[in-house]
Amino acid sequence: MAHLPGLSTPRLVTFNDVQNWLTDPASPARSVDELLHRLPEAYRGHAVSLYESKSNHLASSENPRLVFYGPDAKLLMAVSSDPADPRYHTVEMIEYVSSKARFEFATVDFAKQPPAIERNPSSCVRCHRRSDPRPNWEPYDVWPGVYGSVHDRISPDTHEHASFERFIRNIPHNPRLRHLVSPFFMKQSSWSGKPIYYTVNGHSGSNAVLTHLLNYLNRDRITHRILESKDHEKYKFAILASLISCSDPESFLPVSQRLRHSESYASVLQDTRIKITHDFERRIRKSAKQLGIEEAEVENKADTIGLTDDAIERMAKLRYLLESRKQDPVPVKDWSMSVHQTSYDLNDGGNGLANLVGHYFPKAFPLRDVPELPFGEVPFVISWFNPQTPYEFSLFKLEEPTPQLCDDLRNASLQAF
């Protein structure tokens with residue numbers, strides 16, 4: 001049986017470290033740039049650049065918003081690179097607190113001296129879903145408004161390509177941009193002679209890595225929201241069965257319990273398919289407009305694992321079991337990190353929501369009171385800024401569940417009610 005997932009790399013920076021640097025009696029950090037200078041290079045070597053942002057920071061093609069995320073994305077640190085930005089002297093941070101299974105927010109305003117620290121400010125959480133805030137980050141691998149917006153690639157003859165070249169020419173003239181650790185992009189020649197750029201952290205796509213890491217943390221958050229839900233002990237066998245692709249979630253509930261759900265599984269499945277498809281199309285349209293190319297060209301390059309029947313059905317089964325309850329529903333709509341709040345797409349470039357079983361099973365069934373599950377641990381190693389010290393975490397490769405296993409889980413579920 002695979003063990004509980006966990007990142008193997010020690011954390012480089014925490015919010016407590018930032019607070020200590022601000023209050024260091026010998027040499028306190030008194031500006032954004034002094035704070036960034038104290039960050040280990042191995043932390044600053046993980047960053048994404050946003051030329052369009054819905055945040056409080058301004059962002060443009062030449063002066064993008066920078067988000068540093070380190071080797072595990074447990075502390076995100078965002079800064080503006082536009083000197084004209086009213087919040088140029090403000091750092092925004094998101095920290096994943098494992099002991100609470102929650103993302104917490106903070107700002108540091110260096111326009112005030114000593115710097116003013118605010119925890120979970122309303123200006124942040126109102127845009128990150130107040131009830132259970134999380135980062136805003138789109139699913140793999142279309143990230144509108146981020147350099148490398150389609151598969152970490154910046155193709156010739158796109159608006160993004162011209163903007164990116166202006167951006168890299170501006171770096172020597174903008175002190176804030178010089179905190180980026182090179183190489184943060186790769187350059188290749190195309191058949192036309194124009195360069196193709198790739199946004200990278202060392203040897204891996206910077207947007208893709210952030211997507212993997214944030215989804216890993218988000219699945220831990222989701223697991224705890226499920227564990228905290230009402231009647232979890234009754235529903236857990238059906239939830240586990242849905243995660244490993246057993247069919248017909250309604251058959252895992254007695255008829256009397258099905259009546260406590262507002263919709264049938266068929267109805268939820270249809271709605272889920274529509275919402276995931278529409279959200280994918282939304283990102284394609286937005287990226288095509290930003291890039292100045294046809295939507296079909298973006299769609300042909302985009303990853304579509306999130307649109308597969310398996311991915312949609314797994315999400316629909318969980319929505320049926322958790323979100324369609326007439327009383328005490330679990331807001332599955334809050335699971336996605338998309339800025340679009342009706343998104344149900346959790347595509348991370350790996351197995352997506354299928355990986356939730358590796359987080360959920362060891363915590364929901366600590367006594368291992370179910371048969372051996374049909375998944376195996378798949379180490380996922382990404383070489384980051386220092387190739388000698390890669391970080392590693394586990395994904396889970398599902399095999400087809402046996403009819404006997406699904407029957408055993410169905411019987412256990414019916415008995416639980």
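I looked up the largest pocket and found a volume of about 720 Å³. A pocket here is an open set of points, on a 1 Å grid over the protein atoms alone, where a 1.4 Å probe fits and which has protein on both sides within 12 Å along at least five of seven lines, and lining residues have an atom within 4 Å of a point. Grid points are joined across faces, edges and corners, and the volume is the space filled by probe spheres set on the points. I noted that 37 residues line this pocket, and that the closest to its centre are Leu50, Ser53, Arg65, His128 and Asn136. Among the elements that give two or more residues to the lining are strand 1 (47-50), strand 2 (65-68), helix 6 (206-228) and helix 9 (265-291); helices (H or I, at least four residues) and strands (E, at least two) are DSSP runs numbered from the N terminus.

**Basis.** I am working from a predicted model, in which local features need pLDDT of at least 70 and side-chain atom pairs count only at pLDDT 80 or more, while totals for chains, interfaces and linings use all residues. Residues are numbered from 1 along each chain as its sequence is written, and side-chain values use heavy atoms, with hydrogens and water left out.

**Ring pairs.** I then turned to the aromatic pairs, of which the structure holds 17; rings of Phe, Tyr and Trp (its six-membered ring) pair if their centres lie within 6.5 Å, with planes under 30 degrees apart counted as stacked, over 60 as edge-to-face and the rest as tilted. Tyr147 and Phe167 are stacked, at 5.3 Å centre to centre and 10° between the planes. Tyr147 is in the loop between helix 4 and strand 7 (153-154), whereas Phe167 is in helix 5 (residues 159-170). Both Tyr147 and Phe167 are buried, which is defined as under 20% relative accessible area, with exposed over 50% and partly exposed in between (1.4 Å probe, protein chains only).

Phe185 and Tyr197 form an edge-to-face pair, because their ring centres are 5.7 Å apart and their planes lie at 75°. I noted that Phe185 is partly exposed at 25% relative accessibility, whereas Tyr197 is buried at 3%. Ring pairs link Tyr51, Tyr147, Phe164, Phe167, Phe184, Phe185 and Tyr197 into a cluster.

**Helix 12.** Last, I checked helix 12 (residues 356-364), where eight of the nine residues are buried, including His359, Tyr360 and Phe361.
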